[in-house]
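Visitor: Hi, I'm new to this one. Could you walk me through it?

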Amino acid sequence: MREPYRPPQRTWYQKFRCAFRGLRLGVRGQGSYLVHFVMAGLVLLAAAVLRVERTEWCVLLLCITVVLAAEMFNSALEHLARALDRSENRHLGSA
């Protein structure tokens with residue numbers, strides 16, 4: 001029986017480098033992600049000026065993280081769809 005596939009172990013440095021590479025690709029490659037990223041910065045600036053409380057900071061950061069993660073997930077799906085079928089495909093567009 002074959003051994004199950006085990007991906008190579010990566011260091012924390014390599015993991016964070018990949019994470020920041022993905023962030024950079026999102027900001028540079030997706031116009032909508034850049035808009036979300038800039039707006040998140042403005043929301044954080046407004047929260048600092050308005051001196052929001054700790055609980056409100058937590059809610060704001062959670063909301064910003066969810067929006068940015070959803071946008072990254074959407075971008076990843078778009079790239080995958082383009083890799084599978086470069087022609088116009090209404091099924092991929094609906095997905």
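This is a predicted model: local features need pLDDT of at least 70, side-chain atom pairs count only at pLDDT 80 or more; totals for chains, interfaces and linings use all residues.

Visitor: How many helices and strands does the protein chain have?
Guide: There are 4 helices and 0 strands. Both are DSSP runs numbered from the N terminus: helices are H or I with at least four residues, strands are E with at least two. Along the sequence the pattern reads α-α-α-α.

Visitor: Is the chain spread out or a compact globule?
Guide: Its radius of gyration is 18 Å, well over the 12 Å that the globule rule gives for 95 residues, so the chain is more spread out than a compact globule. That radius is taken over C-alpha atoms, and the rule is 2.2 Å times the number of residues to the power 0.38. The C-alpha atoms fill a box of roughly 60 × 40 × 20 Å along the principal axes.

Visitor: And what percentage of the residues is buried?
Guide: Of the 95 residues, 11% count as buried, meaning under 20% relative accessible area; exposed is over 50% and partly exposed is in between (1.4 Å probe, protein chains only).

Visitor: Which residues are buried in H3?
Guide: Ile64, Leu68, Glu71, Ser75 and Ala81 are. An α-helix has 3.6 residues a turn, so residues three or four places apart point the same way.

Visitor: What should the 31 residues of H3 span?
Guide: At 1.5 Å a residue they should span 45 Å, and the end C-alpha atoms of H3 are 45 Å apart, which agrees. The expected span is 1.5 Å times one less than the number of residues.

Visitor: New topic: where does Arg51 lie?
Guide: Arg51 sits in the loop between helix H2 (31-50) and helix H3 (54-84). Arg51 has a positive phi of about 55° although it is not a glycine.

Visitor: Is Arg51 buried or exposed?
Guide: Exposed, with a relative accessible area of 74%.

Visitor: What about Ala40, buried or exposed?
Guide: Ala40, which lies in helix H2, counts as buried at 9% relative accessibility.

Visitor: How many residues apart are Ala40 and Arg51?
Guide: They are 11 residues apart in sequence and 16 Å apart in space, C-alpha to C-alpha.

Technical notes: Residues are numbered from 1 along each chain as its sequence is written. Side-chain values use heavy atoms; hydrogens and water are left out.
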